[in-house]
Amino acid sequence: MKIQIISIIGSLIFTFFILELIRRKKLKEAYALIWVVMSIFFLILACWVEGLVFISKLIGIVYAPATLFLVLLITVILILIQFSVIISGQVDKIKKLTQELALLKEQVSKLQKK
Amino acid sequence: MKLKVAVIIPCFNEQDNIINVIDDILNNMPENEDWQAIAVNDCSTDETFVKLQADGRAVILDLPCNSGVGTAVQTGFRYAWENNFDFALKFDGDGQHRADYIPTLLEVLKNDQADFAVGSRFVGNCKQGFKSTSLRRVGIKFFQILIKFVSGYTPSDPTSGFRAYNRKALKFATRYYPNFDYPEPEELVLMKKNNFRIKDVFTEMRERQGGVSSISLPKAIYYMFKVGFAIFMVASRSKEKDFSL
């Protein structure tokens with residue numbers, strides 16, 4: 001019972017923390033989706049204790065808390081892959097901006113000479 | 001109308017070589033052609049930029065942050081494309097390439113034998129000139145086998161950065177060019193994949209005139225992995241729709 005209360009409070013804090021970040025525009029909605037889904041998932045599991053055992057049995061995991069770790073791990077990996085994709089996109093954009101800037105600098109110095 | 005040729009020189013910390021390179025290019029320019037040296041300064045930390053400015057003969061494209069040779073060269077391509085150059089060349093800033101071979105490279109483009117010419121130390125009359133270090137030769141062999149495997153074309157000098165582009169190849173390169181350091185082997189697969197006609201042309205090369213080569217053993221192994229992987233990825237992609245021939 002004690003652990004359930006702690007996990008409900010913990011999940012609530014986490015959920016509000018994520019929502020608050022989005023509300024304050026510190027976190028873009030598009031990038032926060034996985035976090036929101038994850039926080040809701042943990043909130044549900046905290047309230048519904050048998051749920052974890054139920055899901056574990058469903059996928060054939062004997063030790064129920066392992067399911068929790070599995071979900072956590074998968075989510076974190078997904079988020080990291082999302083980060084890599086975002087970084088790659090940004091590299092492309094930075095490249096274009098760098099090139100554009102160099103070309104504009106050249107044009108400006110040419111105009112100044114005239 | 002004189003033929004406009006853009007000679008693009010990516011440079012990072014080439015203060016000792018860059019002016020000699022520009023001299024070499026302009027001294028070899030035929031009278032009926034207009035060669036423009038385009039120096040792309042990839043945020044050098046030495047006096048490269050100051051020297052270029054004082055010299056004043058080259059167009060200077062100054063990248064605001066260090067972005068790697070691929071991005072630097074592509075900036076030059078974009079300049080050449082936007083300013084309607086007929087041909088573009090990539091020419092190293094360290095003095096390894098010899099400008100007296102530029103006309104040889106351009107010749108195959110002018111005759112429409114190829115869209116894209118690669119200066120090679122290892123075709124035809126290959127007893128002359130500097131042949132490269134043994135480490136580099138291992139890399140060359142490795143990329144030859146790999147590129148032949150994925151594209152069917154055996155490049156005689158896959159790591160050579162001495163290359164010439166006609167308008168079609170130039171347009172493609174402004175859009176698609178390997179981003180990071182050491183883009184040469186990957187570019188061959190990319191061009192072949194997109195149906196550009198590639199021709200290897202014999203050119204002599206010199207040893208570096210000054211400065212330090214950017215390739216040490218661990219770095220070389222890292223690059224062979226990275227570029228090798230990139231080659232497989234390029235080969236696995238379909239042709240680029242907008243620009244392929």
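This is a predicted model: local features need pLDDT of at least 70, side-chain atom pairs count only at pLDDT 80 or more; totals for chains, interfaces and linings use all residues.
Visitor: What makes helix 3 of chain A roughly perpendicular to helix 4 of chain A?

Guide: The axes of helix 3 (residues 49–59) and helix 4 (residues 64–113) of chain A come within 8 Å and cross at roughly 85°. Angles of 65 to 115 degrees count as roughly perpendicular, and helix 3 of chain A is therefore roughly perpendicular to helix 4 of chain A.

Visitor: Which residues make the contact between these two helices of chain A, and how do they divide into nonpolar, polar and charged?

Guide: Helix 3 of chain A contributes L52(A), V53(A), I55(A) and S56(A), while helix 4 of chain A contributes A64(A), T67(A) and L68(A). By class, the residues of this contact are five nonpolar, two polar and no charged.

Visitor: Why is Y31(A) called partly exposed?

Guide: Y31(A), which lies in helix 2 (residues 29–47) of chain A, has 13 other C-beta atoms within 10 Å. A residue is buried at 20 or more such atoms and exposed at 12 or fewer, with partly exposed in between, so the value of 13 makes Y31(A) partly exposed.

Visitor: How do you know that K113(A) counts as exposed?

Guide: K113(A), found in helix 4 of chain A, has 7 C-beta neighbours inside 10 Å. Because the cut-off for exposed is 12 or fewer, K113(A) counts as exposed. The C-alpha atoms of K113(A) and A66(A), 47 residues apart along the chain, are separated by 70 Å.

Visitor: Turning to chain B, what makes strand 3 and strand 7 of chain B the edges of the sheet?

Guide: The sheet is open, with seven strands in the order 3-2-1-4-6-5-7 and mixed pairing. Strand 3 (59–62) and strand 7 (198–202) of chain B each have a single partner strand, so one side of each is left without a neighbour in the sheet. From one strand to the next, the twist averages 20°.

Visitor: How do you know that strand 5 and strand 6 of chain B pair?

Guide: Pairing needs at least two bridges, and three bridges join strand 5 (residues 116–120) to strand 6 (residues 163–165) of chain B, so these strands, which run antiparallel, count as paired. F116(B) has Y165(B), in strand 6 of chain B, as its bridge partner.

Visitor: Which helix of chain B packs on the sheet, and which strands does it touch?

Guide: Helix 1 (residues 18–27) of chain B packs there, touching strand 1 (3–11) and strand 2 (33–41) of chain B, and its direction makes about 165° with that of strand 2 of chain B.

Conventions
Residues are numbered from 1 along each chain as its sequence is written. Chains are lettered from A and ligands numbered from 1 in the order in which they are written. Axes are lines fitted to C-alpha atoms, for helices over the stretch in contact, and angles run from 0 to 180 degrees between N-to-C directions. Helices (H or I, at least four residues) and strands (E, at least two) are DSSP runs, numbered from the N terminus. Angles under 35 degrees count as roughly parallel, over 145 as roughly antiparallel, 65 to 115 as roughly perpendicular and the rest as oblique. Two residues are in contact if their C-beta atoms, placed from the backbone, lie within 7 Å. Ala, Val, Leu, Ile, Met, Phe, Trp, Tyr, Cys and Pro count as nonpolar, Asp, Glu, Lys and Arg as charged, and the others, Gly among them, as polar.
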